[in-house]
Amino acid sequence: MLHQGKAATEPDADKRGYAVWVSEIMLQQTQVATVIDYYNRWMQKWPTLQTLAQASLEEVNELWAGLGYYSRGKRLQEAARKVVSELAGRMPRTAEDLQKLLPGVGRYTAGAIASISYGQATGVVDGNVIRVLCRLRCIGADSSSPAIIDRLWDMANALVDRSRPGDFNQALMELGATVCVPKAPLCGECPVKQHCRARCRVEKELAFASQKLFGKSVPEPDVEDCGVGGCTLCPPATDPWDSSLGVTNFPRKAAKKQPRVMRTATSVLERRGCHGALEYLIVQRPSSGLLAGLWEFPSLPLSQGLQEEKQREVLADHLQAWTGRPVAARDLRFIGEVVHIFSHIHQTYVVYSLSLDEDVTLDPASSPSCWVTEEEFHASAVSTAMKKVLKACEKQRGKESSPGKGSKRKRGAKRQEAGGTCAGTQLSLRAFLQPPTAL
């Protein structure tokens with residue numbers, strides 16, 4: 001865990017809880033390897049609740065940029081301000097109060113903070129724990145259903161070590177992250193394999209298959225076996241056992257919903273700044289919704305099936321409202337399409353660029369906007385998707401500035417110099433050792 005070293009030795013309970021809280025929020029839906037650098041920079045900049053409460057949302061978004069699920073950072077800061085202003089700077093000490101009083105803190109995060117930081121004997125249930133418990137108990141019902149989630153919480157609370165709840169919960173999560181993994185689990189190395197009913201089920205299925213192969217009668221399944229007796233934890237009869245999957249038959253989830261498909265026209269407006277450096281116009285998104293408060297290139301959603309010519313026209317009208325000057329659709333240079341996958345949206349940015357030769361006055365009634373250099377762009381609170389858009393523009397600019405194919409020398413073409421030797425051609429060893437020919 002990111003917080004394991006510092007939190008374990010931190011004598012201040014509020015600092016200890018804050019460190020665990022930050023790491024758990026960052027680790028939601030994000031790999032540890034990705035989070036480490038963000039966590040270290042965050043704790044260096046805002047080592048306490050009080051310093052975070054004093055920061056601006058813009059600063060929070062800038063540091064969070066690239067980590068995804070941007071509302072997490074915003075809610076973390078809102079909760080820090082609440083602790084400072086309404087709770088006298090003292091973190092709630094129980095999972096119940098953490099979940100009740102702090103915005104953005106759900107059941108899992110509350111359980112993790114309370115058990116790791118304050119020693120409360122409460123369980124935790126995250127994706128790793130769900131996988132471990134479903135295999136241990138051979139639970140084949142939909143593991144994402146509310147009823148099954150409640151049962152898993154009951155199991156986690158019953159299993160947790162009363163004397164070392166934090167260590168136990170972290171060990172259980174680590175077991176799921178390193179041994180009882182989604183695919184190709186290391187069952188032979190599992191410290192609780194003798195208690196695993198999924199492993200037992202695999203062994204029974206192999207035994208049944210062997211008996212069938214040799215024409216022996218197969219015994220009736222035991223009432224304890226998964227899939228028998230109408231148990232709500234068992235897989236449905238319509239979902240048969242897949243012998244090729246082994247223990248990875250568990251857990252089972254309902255089919256994921258297909259992400260919503262969206263297309264957005266995005267324009268990279270360029271100009272030369274007062275010192276000759278290339279500058280880009282970026283605008284701020286609304287304070288709520290997807291990518292709330294982040295900066296982006298001027299964009300607008302496109303209707304499905306809109307033809308390319310019409311896309312240019314609606315984008316030109318949109319830019320005219322921003323710049324206060326006519327924008328001809330033909331002046332928009334098509335760059336290409338950039339695809340970015342959000343958790344629930346398959347987003348395609350249809351990218352155009354537009355170079356402005358003269359200064360423009362931006363409409364003050366529109367969203368906040370500013371001109372930035374490339375360096376300032378990357379330091380701003382912009383999403384990974386916008387960085388991909390800028391990269392596409394720079395790649396296109398590089399192609400246009402490089403020499404055309406016709407101007408390149410063909411491979412193998414030779415220029416004859418004095419003595420008939422081809423410049424740039426490596427001589428053989430024999431030719432190299434020969435004395436030069438007199439002219």
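## A cluster of tryptophans

Trp42, Trp46 and Trp64 come together in one aromatic cluster. This is a predicted model, in which local features need pLDDT of at least 70 and side-chain atom pairs count only at pLDDT 80 or more, while totals for chains, interfaces and linings use all residues. Residues are numbered from 1 along each chain as its sequence is written, and side-chain values use heavy atoms, leaving out hydrogens and water.

## Aromatic pairs

A pair of aromatic rings is described by the distance of the centres and the angle of the planes. Here, rings of Phe, Tyr and Trp (its six-membered ring) pair if their centres lie within 6.5 Å; planes under 30 degrees apart count as stacked, over 60 as edge-to-face and the rest as tilted. The structure holds 5 aromatic pairs. One of them joins Trp42 and Trp46: the ring centres are 4.8 Å apart and the planes stand at 75°, so this pair is edge-to-face. Both Trp42 and Trp46 are buried, where buried means under 20% relative accessible area, exposed over 50% and partly exposed in between (1.4 Å probe, protein chains only).

Another pair is made by Tyr280 and Phe297, with centres 6.3 Å apart and planes at 75°, so it is edge-to-face. This pair links distant parts of the chain: Tyr280 belongs to strand E2 (residues 278-284), and Phe297 to the loop between strand E3 (295-296) and strand E4 (299-302), 17 residues apart. Helices (H or I, at least four residues) and strands (E, at least two) are DSSP runs, numbered from the N terminus. Tyr280 is buried, at 1% relative accessible area, and Phe297 is buried at 0%.

## Helix H13 and its buried side

Let's move on to helix H13, residues 308-323, where Arg312 is found. Among the buried residues of H13 are Gln311, Leu315, Leu319 and Trp322.

## A closer look at Arg312

Arg312 is buried, with 18% relative accessible area. Its contacts (heavy atoms within 4.5 Å), not counting residues up to four places away in sequence, are Ala329, Arg330, Leu332, Arg333, Phe334 and Tyr352. The side chain of Arg312 also reaches the backbone oxygen of Ala329, at 3.4 Å.

How values were computed
Polar contact = N/O pair within 3.5 Å; in protein donor to acceptor, adjacent residues only side chain to side chain.
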